[in-house]
Amino acid sequence: MEVLDKRVIIGRRVAQEFKDGDYVNLGIGLPTEVANHIPEGVKVFFQSENGIMGAGPMPLKGSEDENLINAGGGYISAIKGASYFDSCLSFGIIRGGHIDLTVLGALQVDECGNLANWMIPGKLIPGMGGAMDLVTGSKKVIVAMEHCDKNGNSKILKNCLLPLTAKNKVNLIVTEKAVIEVTPNGLVLKEMAKDLTIDDVIRCTDAELAIAENISYF
């Protein structure tokens, strides 16, 4: 049986949320995996806050263009018809509500849809970047992350313990174990990995989970 990498599992599931014609922003790190799993027949336009609409996949080694990078400094390509603009226009697109969906990694998410993804106190950080604008301006916010940290601690909490990026902005959490919807009444477990039970997911989640009536598997 094929054993998939956690990044692939998460990226593939997140991509199922895209609709044809969506304008999408992918955060750095794990969220970039999503671009490799766009469903057949669905065309989305990837925006990067450093000034491109129509970002393409990472180029083959040796064919990189030093002028084509994403907001995290990684090499990208550009699809036919891509457009370029300055940071002022780029953030006008984001803050103006023109991004349909943003996918971000996270350090912690909680029951209220609060997001902490930019700093751990005491550690050197470059800054928040565009995350606070993206989660505020996008029509839908998906957190794509591993369910637990490297020490096995849940990253889905009753209340975030780290400094917040934004309050009450997360709509959906996708991990390698589960798909969890953020609702006004708390978190709802909608889907889970087919090799897990509901009790397995509950045991590795600090937050309270309501269980959807017709839970499905991925």
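In which sense do strand β1 and β5 pair, and over how many bridges? Strand β1 (residues 23–26) and β5 pair in the parallel sense, over 3 bridges. Pairing here takes at least two bridges found by DSSP between two strands. Strands (E, at least two residues) and helices (H or I, at least four) are DSSP runs, numbered from the N terminus.

Before we go on, a quick word on what you're looking at. This is a predicted model, where local features need pLDDT of at least 70 and side-chain atom pairs count only at pLDDT 80 or more, while totals for chains, interfaces and linings use all residues. Residues are numbered from 1 along each chain as its sequence is written, and side-chain values use heavy atoms, with hydrogens and water left out.

Let's stay with β5. Opposite its L101 you'll find V24. β5 also runs parallel to strand β8 (residues 140–144), and 4 bridges join the two. Here V103 has I142 of β8 as its bridge partner. Now look at the faces of β5 (residues 101–104): L101 and V103 point to one side, T102 and L104 to the other, and all of them are buried. Buried means under 20% relative accessible area, exposed means over 50%, and partly exposed is in between (1.4 Å probe, protein chains only).

Next, the greasy bits. In soluble globular proteins, nonpolar side chains tend to be buried together. A nonpolar core is a set of buried Ala, Val, Leu, Ile, Met, Phe, Trp, Tyr and Cys residues joined through side-chain atoms within 4.5 Å. The largest one here has 24 residues, and V109, L115, V170, I173, I180 and L187 touch the most other members. β8, β11 (178–183), β12 and β13 (209–217) each supply at least two residues of this core. Pick out V170: setting aside neighbours within four places in sequence, V170 is in contact (heavy atoms within 4.5 Å) with V109, G113, L115, V141, V143 and V182.

What about aromatic rings? The whole structure has 2 aromatic pairs. Rings of Phe, Tyr and Trp (its six-membered ring) pair if their centres lie within 6.5 Å; planes under 30 degrees apart count as stacked, over 60 as edge-to-face and the rest as tilted. The ring centres of F18 and F46 are 6.4 Å apart and the planes sit at 70°, so this pair is edge-to-face. F18 is in the loop between α1 (6–15) and β1, and F46 is in strand β2 (residues 45–48), so the pair ties together parts 28 residues apart in sequence. Both F18 and F46 are buried.

Finally, the charges. A salt bridge is a side-chain nitrogen of Lys or Arg within 4 Å of a carboxyl oxygen of Asp or Glu, and the structure holds 10 of them. In one, the closest N and O atoms of K6 and E146 are 3.7 Å apart. K6 belongs to helix α1 and E146 to the loop between β8 and β9 (156–157), so this pair ties together parts 140 residues apart in sequence. Both ends are partly exposed, K6 at 40% and E146 at 31%.

E191 and R13 form another salt bridge, with closest N and O atoms 2.6 Å apart. This one links E191 in strand β12 (residues 186–192) with R13 in helix α1, 178 residues apart. E191 counts as buried at 15% relative accessibility, and R13 counts as buried at 6%.
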